[in-house]
Amino acid sequence: MREHACYKSAGISVRIATKTLVSGAEMECQQEGEQYPKTKRKRPSGAQYRKRRKEEEERRRREAILKYLESSSTANEVPSTSSSGDAVCSEPLDEMTHRSAASLSADGNMRLTTDSTLPVFSVAAETSSPVLPVEVKTDGPCAAGAADWPSYLGDTVRTVIVGRGPYQWQQVKAEYSEVKIKRPSGAQYRKRRKEEEERHTKHREAILKYLVSSSTTDEVPSTSSSRVPVCSATEISSSAFPVEMETDELCPADPADWPSPLTDIVRTELVRRGPYQVPPDFVFPKRDGARSCQHLYFFRTLKNGEKIKRNWLTYSNKNNSLFCFCCKLFSTKSIHLINGLTDWKNATTLLNSHDHSPDHLKYLASWKEFELQLKAAETVVKREMAIVQEEKRWRAVLARLIAIVQSLAVRNMALRGDTEKLYCPSNGNFLKEVELLAQFDPIMKDHVHRVKSEYSHLSYLGKHIQNELIECIGAKVVATMVQEIKQSKYFSLILGCTPDVNHTEHLSVLIRIVTLGEDPQVKEHFMGFLETDEFTGQSLATLILQRLEDWQISFDDCRGQSYDNGANMRGKRQGVQATLLQKNPRALFVPCGAHTLSLVVADAAKSSNDAMGFFGVLQKLYSLFSGSRHRWAILTTHVTITLKMWSETRWENRVEALKPLRYEVSGVREALLEVRSQTKDPVMKVEAQFLAEEVGSFRFLLCTVIWYDILNEIQHLNKVLQSETMQVNVAVSLLEAEVALQSYRATGFVAAQSSAKDMCEEMNVEEVLTQKGLRSTDRLSSYESPDEPVLDALKNLEANFFNMVVDSAIFAVKERFQTLGDVEKKFGILSNFQSLPHQEMIEQAEALGHALSCGGQSDLDGRELAQELKNLPDLPSQTMTALELLKFIQAKQFSEIYPNLWVALRIVVTLPVTVASVERCFSKSKLIKTYLRSTMCQERLSSLAVMSINPDVVGHISCDDVIEDLVGGCQQ
């Protein structure tokens with residue numbers, strides 16, 4: 001056992017070598033002397049020995065340090081500990097590796113002695129590898145168990161422990177620890193030897209692949225009671241074909257070199273080859289008696305004078321002797337033709353006698369029977385290989401057809417045409433892609449050639465295989481998304497209904513999740529369209545619950561649901577959200593913010609007659625110019641921004657219809673005047689005159705400015721809400737629109753007047769606001785009196801138009817965003833915890849924990865959440881969203897430290913804010929199922945939509961998996 005002592009006195013380190021080192025060196029010299037007794041080697045002096053030992057230790061120490069310490073790419077330093085407790089770099093790696101093995105610092109930070117953390121190698125440990133950490137002991141300063149660590153951890157010890165980590169250190173220790181090697185027992189040795197022989201012969205058994213069990217005989221020749229070797233078919237068929245055997249090792253061609261005894265594997269290979277045939281012009285060597293083998297020995301003369309060849313007779317060029325091939329294979333007796341016939345004087349007599357030998361005839365029959373079985377087996381294997389090659393060809397063809405289907409489906413293109421024949425003008429996009437691919441791809445070219453030449457009746461290019469491929473790909477995409485949903489655990493439902501071209505109602509299903517990778521991402525997976533005949537909340541809820549059960553997705557993990565503002569969806573008593581809340585109270589309902597915002601504008605427009613009349617004038621303008629190409633050409637010569645038709649439901653699109661009137665109203669008026677002067681239709685002339693006067697009026701211009709300001713702000717908010725990564729706390733900022741509207745109510749009308757006056761000056765019209773009104777026909781009771789008329793037209797417009805529109809919008813914001821605000825209050829602690837007092841933080845955390853509890857199950861602990869928020873380190877930004885905070889925790893690997901916060905952030909990010917993704921799915925369905933493709937079935941539509949809306953998932957689908965599903969479906 002090595003003994004090392006390190007002393008430090010007056011800054012000088014003294015090393016005392018151990019006795020083991022000297023004895024080891026002497027032992028090496030003695031061994032070298034015994035190996036080379038004639039060479040006298042000079043023993044190195046003490047100085048030379050110490051020099052060599054020092055160089056060896058330094059070299060091995062550097063290798064060990066480079067293995068354990070991860071050097072930085074920017075600074076080649078080792079982490080140390082600063083006064084603040086953070087890891088810093090204090091010592092260069094080069095200085096550490098050149099430090100003496102016995103040096104000991106005063107503060108204990110560096111102890112690179114032989115008992116140090118890092119392995120120190122010496123001559124006594126020559127058997128140890130310089131790379132493997134076998135010298136690191138568990139009872140040293142860097143032991144695997146934390147209980148064995150020293151009370152004060154130095155820089156080197158801490159660095160090595162952090163570099164290893166708890167799991168890695170246990171693995172290294174278990175892999176490289178010094179284990180006493182036990183000598184295997186006899187049974188273990190025989191078992192290992194048998195396994196080694198099996199591995200060795202597996203790569204050389206070329207014929208074993210060709211042997212299969214016959215339908216009439218279950219066995220091939222092996223050693224039976226009659227001492228005739230028989231090789232079982234089950235033994236032979238267990239190995240694989242492939243590697244050619246070397247004739248000079250396992251099965252030599254010369255019978256004199258055959259191994260003894262013959263194994264079944266060697267015997268099988270010899271039968272497959274057959275006996276060695278001597279060439280007709282071969283000259284046999286002569287012996288001392290001037291006798292030699294003759295070619296006539298290889299033929300037998302019958303009574304009628306005919307000669308037949310002795311196929312069983314083979315010649316050994318090595319021993320210059322003759323052998324019986326079949327007897328050599330199967331017999332165990334010792335006769336001339338088994339050991340080698342060299343008696344050329346009596347060769348004819350011996351051969352004739354051997355021809356009639358019963359043993360020879362028996363072995364000859366066994367040989368021929370075995371040979372026939374091998375040929376039959378080879379035929380079967382050739383058929384199997386042909387089947388395998390055909391399978392590979394079809395798999396390659398199907399892989400290309402799957403790629404074509406995916407490419408067309410992602411681009412929403414039709415697959416079929418008027419005909420299903422290749423190289424026809426109207427055979428559809430699918431066959432056109434096949435024709436194009438056949439020009440450059442040899443596999444597809446061969447397949448198309450087979451189809452055209454009618455060599456193969458199967459083409460896999462018809463409509464039925466297209467439907468099967470679409471269905472298999474769509475099912476695989478859905479299965480992949482379901483697997484990702486299960487891994488994420490928490491999810492939210494986004495549903496919406498819309499009719500198709502055939503007026504069939506479809507329920508669009510989307511599931512929103514947050515991935516759990518290093519960089520969490522919000523994903524909204526489209527799962528398909530569900531056809532429904534009933535539109536009640538109960539029937540729709542039952543339909544979606546049944547589909548979740550088919551996908552094996554637990555509804556208990558649903559934490560959010562979002563729909564449009566239809567009564568059957570958001571109904572508080574019989575709507576879909578009410579039905580699902582009864583089954584899972586933690587599935588919080590979040591109304592669509594974009595629909596709610598559109599309803600706010602709709603309520604505002606309906607509050608004033610002037611507002612409704614204003615949009616009627618816009619529609620008349622668009623209808624007048626779009627009704628004739630000549631009038632549209634006149635409009636384009638005066639304006640750069642053309643008029644657009646406003647949408648009935650999407651109010652934010654109306655800002656595009658207002659833009660030409662807001663910025664190019666003078667050009668629109670000039671176009672109207674030109675149409676009035678050129679047209680000969682009196683009705684059109686009157687309408688153009690009326691619209692020109694209306695567009696040039698101060699009232700219309702004032703309404704244009706006011707509506708453009710309101711809708712422009714609405715459009716910006718609507719675009720932000722439609723983002724897939726939109727979160728509840730960000731969406732609730734829309735509640736501040738109430739404050740913005742109140743501010744606009746105070747100053748917006750005056751600003752609109754200023755802008756309208758500038759527009760009047762541009763058109764050179766008077767800035768006069770005339771009073772409009774009709775005679776009232778309402779009859780009042782005797783005790784009623786009419787309202788005091790507002791004589792000032794400007795004040796009348798402000799009171800009856802501006803104030804009513806803005807006040808209606810403010811009231812709608814308060815009412816319609818109340819549900820969204822309630823959801824945000826439950827999770828508000830996650831966004832404003834930095835400014836909350838401790839007691840209020842605890843109360844809000846407990847309230848959140850209670851909201852996420854149901855039936856004795858809870859997603860998080862409220863008090864632990866409050867403590868985790870209190871102990872959270874400094875954040876990069878004080879205004880981080882929930883998703884940014886979740887990414888921060890994942891990047892720092894804090895999920896183990898703050899589990900409740902991690903769960904709460906995943907849930908709040910999972911909550912949807914809008915159903916804009918459902919609207920996009922409706923747009924895709926209209927591109928897929930058009931008027932010309934209206935006969936498409938429900939399964940095909942859903943599968944094509946899944947591929948079109950989820951292109952990222954389609955790109956990661958394996959063609960082999962789709963083919964396996966296709967084959968499995970065909971077998972079923």
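# A sheet, its helices and some salt bridges

Modeller: Five strands form an open sheet in the order E11-E10-E9-E12-E13, with mixed pairing. This is a predicted model.

Biologist: Why are E11 and E13 said to stand at the edges?

Modeller: Strand E11 (522–531) and strand E13 (588–589) each have a single partner strand, so one side of each is left without a neighbour in the sheet.

Biologist: What makes the pairing mixed?

Modeller: Let's look at E9. Strand E9 (residues 491–499) and strand E10 (residues 505–514) run antiparallel, joined by 8 bridges. E9 and E12, in turn, run parallel and are joined by 4 bridges. Both directions occur, and the pairing of the sheet is mixed.

Biologist: How do you know that E9 and E12 count as paired strands?

Modeller: Pairing needs at least two bridges between the strands. E9 and E12 have 4, so they meet the cut-off of at least two.

Biologist: What lies between E9 and E10 in their hairpin?

Modeller: There are 5 residues between the two strands, and histidine 503 in the turn has a positive phi of about 60 degrees.

Biologist: Why is E9 called largely enclosed?

Modeller: Of its 9 residues, 7 are buried, so E9 is largely enclosed by the rest of the structure. Buried here means under 20% relative accessible area.

Biologist: Which helices lie across E9?

Modeller: Helix H15 (residues 463–488) lies across E9, E10 and E11, and runs at about 130 degrees to E11. Helix H34 (residues 899–910) lies across E9, E10, E11 and strand E12 (558–562), and runs at about 155 degrees to E10.

Biologist: Now to charged residues. Why is the contact between arginine 60 and glutamate 56 called a salt bridge?

Modeller: Side chains of opposite charge can pair when their charged atoms come close. For arginine 60 and glutamate 56, the closest N and O atoms are 2.6 Å apart. The cut-off is within 4 Å, so the pair qualifies. Both residues lie in helix H2 (residues 46–68), 4 residues apart, about one turn of the helix.

Biologist: Is arginine 60 buried or exposed?

Modeller: Arginine 60 has a relative accessible area of 6%. That is under 20%, so arginine 60 is buried.

Biologist: How do you know that glutamate 371 and lysine 368 also form a salt bridge?

Modeller: Their N to O distance is 3.9 Å, and the cut-off is within 4 Å, so this pair counts too. They lie 3 residues apart in helix H12 (residues 358–410), about one turn of the helix. Lysine 368 has 34% relative accessibility. This value falls between 20% and 50%, so lysine 368 is partly exposed.

Biologist: What makes Glu56, Arg59 and Arg60 one network?

Modeller: Salt bridges that share partners join these residues.

Biologist: Which words describe the two partners arginine 272 and glutamate 269, buried or partly exposed?

Modeller: Arginine 272 is at 37%, between the two cut-offs, so it is partly exposed. Glutamate 269 is at 2%, under 20%, so it is buried. The two form a salt bridge, with closest N and O atoms 2.7 Å apart, and both lie in helix H8 (residues 264–273). The structure holds 29 salt bridges.

Biologist: Why is tyrosine 931 called exposed?

Modeller: Its relative accessible area is 70%. Tyrosine 931 is found in the loop between helix H35 (916–928) and helix H36 (938–949). Together with Val501 and Leu932, Tyr931 forms a nonpolar patch on the surface, with about 400 Å² of accessible area together.

Biologist: And what makes leucine 431 buried?

Modeller: Leucine 431 has 3% relative accessibility, under 20%, so it counts as buried. Leucine 431 lies in helix H13 (residues 428–438), and the residues it touches include Thr419, Leu422 and Leu461.

Biologist: How many residues does the protein chain have, and what share is buried?

Modeller: The protein chain has 972 residues, and buried residues make up 43% of them. There are 38 helices and 15 strands in the protein chain.

Key:
Residues are numbered from 1 along each chain as its sequence is written. This is a predicted model: local features need pLDDT of at least 70, side-chain atom pairs count only at pLDDT 80 or more; totals for chains, interfaces and linings use all residues. Side-chain values use heavy atoms; hydrogens and water are left out. Patches are made of residues with over 30% relative accessible area and no salt bridge: like charges are joined within 9 Å, nonpolar side chains (Val, Leu, Ile, Met, Phe, Trp, Tyr) within 5 Å. Accessible areas come from the Shrake-Rupley method with a 1.4 Å probe; for residues, only the protein chains shown count as cover. A salt bridge is a side-chain nitrogen of Lys or Arg within 4 Å of a carboxyl oxygen of Asp or Glu. Buried means under 20% relative accessible area, exposed over 50%, partly exposed in between (1.4 Å probe, protein chains only). Contact means heavy atoms within 4.5 Å. Axes are lines fitted to C-alpha atoms, for helices over the stretch in contact, and angles run from 0 to 180 degrees between N-to-C directions. Lists of a residue's contacts leave out its neighbours within four places in sequence.
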